[in-house]
Amino acid sequence: MIKTRVVFIWFWLVLGASSAAAGERPIVVELFTSEGCSSCPPADALLAQLASRPEVLALSFHVDYWDRLGWKDPFSSPAATERQHRYAELLRLATVYTPQIVVDGKWQAVGSDRAEVERALGSARRSHAEVPVALALDHGRAQIRLGPSGEGVSGVVLLIGFDRRHVTAVARGENSGRTLAHVDVVRSVEEVAQFDGRASAIDVPIRSPSDRVAAIVQAADGEILGVAVRDAEPL
């Protein structure tokens with residue numbers, strides 16, 4: 001009980017102060033990719049370069065609709081495909097495709113087109129919403145502190161687990177014989193709460209193991225409003 005209280009006090013006071021002093025949140029760059037897609041490795045490489053920038057949170061979502069075409073991507077998930085289809089609706093796209101990059105939920109580009117991606121990043125820098133978010137991890141639980149934000153700002157709170165790096169020797173499909181490297185591979189996505197603009201705190205279990213965890217506040221129109229990232233606890 002004493003330890004729980006200590007963690008709670010640290011979360012609200014120390015982490016809250018460090019979050020306020022940390023400056024602007026990172027820009028979220030989501031790549032929709034697949035190991036079964038021969039056009040995707042250049043986009044994977046570009047995402048790895050972007051991931052090295054301190055102002056970027058890179059997330060690699062492996063979709064599952066390529067899995068029936070010769071190679072089952074070991075990191076693919078229906079959740080990644082569902083998220084991409086949702087972006088297609090919000091961004092008024094006729095279809096989904098790979099590789100695709102979505103920046104801060106508002107701008108999209110062909111994932112291997114560096115110039116187009118840089119333009120999207122520039123747009124995100126000029127229009128950068130920021131809801132205060134702080135994240136602490138303790139004994140398999142995520143403690144998220146939110147807000148407050150401006151009037152009329154609302155959204156959902158997502159907890160995303162991702163691994164820093166994976167390498168796969170692909171045996172079949174369009175990339176047969178190639179060894180593919182991926183960074184910041186998403187392993188789980190969970191909507192854990194609603195955000196109504198008021199200051200609040202959330203305590204939820206972390207259901208899937210991963211190297212890092214991100215708490216993201218996202219508006220109904222797709223715009224990313226707030227982000228916090230922490231390294232996962234060692235097993």
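Two aromatic pairs are counted in this predicted model, where rings of Phe, Tyr and Trp (its six-membered ring) pair if their centres lie within 6.5 Å. Ring pairs join Phe32, Phe61 and Tyr87 into a cluster. Because the model is predicted, local features need pLDDT of at least 70 and side-chain atom pairs count only at pLDDT 80 or more, while totals for chains, interfaces and linings use all residues. Residues are numbered from 1 along each chain as its sequence is written, and side-chain values use heavy atoms, with hydrogens and water left out.

**The aromatic pairs**

- Phe32 and Phe61 are stacked (planes under 30 degrees apart), with 5.4 Å centre to centre and 25° between the planes.
- Phe32 lies in strand β1 (residues 27-33) and Phe61 in strand β2 (residues 56-62), so this pair ties together parts that are 29 residues apart in sequence.
- Phe32 and Tyr87 form an edge-to-face pair (planes over 60 degrees apart), at 6.0 Å centre to centre and 70° between the planes.
- This second pair links strand β1 to helix α3 (residues 78-90), across 55 residues; helices (H or I, at least four residues) and strands (E, at least two) are DSSP runs, numbered from the N terminus.

**Burial**

- Phe32 and Phe61 are both buried, meaning under 20% relative accessible area with a 1.4 Å probe, protein chains only.
- Tyr87 is buried as well.

**Helix α2**

- In helix α2 (residues 41-51), the buried residues include Pro41, Ala43, Asp44, Leu46, Leu47 and Leu50.
- These buried residues pack against β1, β2, α4 (114-126) and β8 (179-195), where contact means heavy atoms within 4.5 Å.

Methods. Buried means under 20% relative accessible area, exposed over 50%, partly exposed in between (1.4 Å probe, protein chains only).
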